[in-house]
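Please keep the sequence and the model in view while reading.

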Amino acid sequence: MASTDKSPEPTPAKGPEPTPGKEMGVGQHMIDKSAMMIQSLEPIKQISHHSCSFAIYSHDMARQIETHHYCSRLHQNFIQCAVYDSDESDARLLGVEYIVSDDIFETMPPEEQKLWHSHAYEVKSGLLVNPRVPELIGKPDLENLAKTYGKFWCTWQADRGDRLPMGAPALMMSPQAVSPGLVRAELVHERDAKYSISSESLKSSRVEIPEPEMINPLADYWKQHGKGFAIDIDQTEIKLRAPFP
């Protein structure tokens, strides 16, 4: 059965083109445009924020990817993000990240907290950026984000060559100041060049952003325990009655 840390075999998804399939025709474009005019698409309209950063696979921290988060707020303490591999029109949806404030995180059971990561280093180091948003305007949000925790599930491991979403989801971790959580310099340079920014300069400008008084030691679990998490999918008997009301 499928596993996070194993490429699906055989893997029909691999090939020369990014994603198998034929180009959309004029008719399909007309249908899509008509639907956009008629339907509300309210959840999508609530997306108000784009941030770019990097993520690391929990089960294989040698694998690091650039990520683009398109986020909306359910309320002040809860953010939900669709995560893509670029900010282009043909970007692939890699997964989803949920972000909560520190007070909500502290209400979670310990086994759940192990699946989450902190954001303080990501913000303070200048790795997380808000493309094309002046730093002065974005700083209040960055100050809030530095005190949050995130849980990011990747459902499309495009970096290993998958042309389709294959296999089990992968839990992702945030960059940290110690190996193997350090982001490779070439990834940062490539991203910075794209947006004409300097992560080092941003780091200097964010020195005064307050750090959390304490980061829960169960978050960023690998730092304390040297262990990551992977999912193995097994067959199971179907439950005919829900164990909850």
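## Model and helix α1

The model is predicted.

Helix α1 covers residues 26–38. At 1.5 Å a residue, its 13 residues should span 18 Å. The end C-alpha atoms are 19 Å apart, which agrees. The number of buried residues in α1 is zero, so the helix lies largely in the open.

Strand β6 runs over residues 148–154. Six of its seven residues are buried, so β6 is largely enclosed by the rest of the structure.

β6 pairs with β4 (residues 93–101) in the antiparallel sense, over seven bridges. Here Ile99 stands opposite Gly150. β5 (residues 117–118) pairs with β6 over two bridges, also antiparallel. His117 stands opposite Gly150 too. β7 (residues 170–173) is an antiparallel partner of β6 over three bridges. In that pairing, Cys154 has Ala170 as its bridge partner.

In soluble globular proteins, nonpolar side chains tend to be buried together. The largest nonpolar core in this model has 12 residues, among them Ile56, Met61, Trp116, Tyr149 and Trp222. A second, separate core has 11 residues, including Ala55, Phe152, Cys154 and Trp156.

Beyond four places in sequence, Met61 touches Ile56, Pro180, Gly181 and Trp222.

## A buried aspartate

Asp220 sits in the loop between α8 (199–205) and α9 (221–225). Asp220 is buried yet has no salt bridge.

Setting aside neighbours within four places in sequence, Asp220 contacts Trp116, His117, Ser118, Ser174, Gln176 and Ile215.

## Salt bridges

The count comes to 12 salt bridges. One of them joins Arg73 and Asp141, with closest N and O atoms 3.4 Å apart. The pair links distant parts of the chain: Arg73 in β2 (residues 64–75) and Asp141 in α6 (residues 135–145), 68 residues apart. Arg73 is partly exposed at 36% relative accessibility. Asp141 is partly exposed, with a relative accessible area of 36%.

Asp87, Arg132 and Lys194 are linked in a network of salt bridges. Asp87 and Lys194 meet at 2.8 Å, N to O. They lie 107 residues apart, with Asp87 in the loop between β3 and β4 and Lys194 in α7 (residues 185–195). Asp87 also pairs with Arg132, at 3.8 Å between the closest N and O atoms. Arg132 is exposed at 68%, whereas Lys194 is partly exposed at 38%.

Key
Residues numbered from 1 in each chain as written. Predicted model: local features only at pLDDT ≥ 70, side-chain atom pairs only at ≥ 80, totals over all residues. Heavy atoms only, no water. Helix = DSSP H or I, 4+ residues; strand = E, 2+ residues; numbered from the N terminus. Expected span 1.5 Å × (residues − 1). Buried < 20%, exposed > 50% of the residue type's maximum accessible area, 1.4 Å probe, protein only. Pairing = 2+ DSSP bridges. Core = buried A, V, L, I, M, F, W, Y, C linked by side-chain atoms within 4.5 Å. Contact = heavy atoms within 4.5 Å. Lys, Arg positive; Asp, Glu negative; His and termini not counted. Salt bridge = Lys/Arg side-chain N within 4 Å of Asp/Glu carboxyl O.
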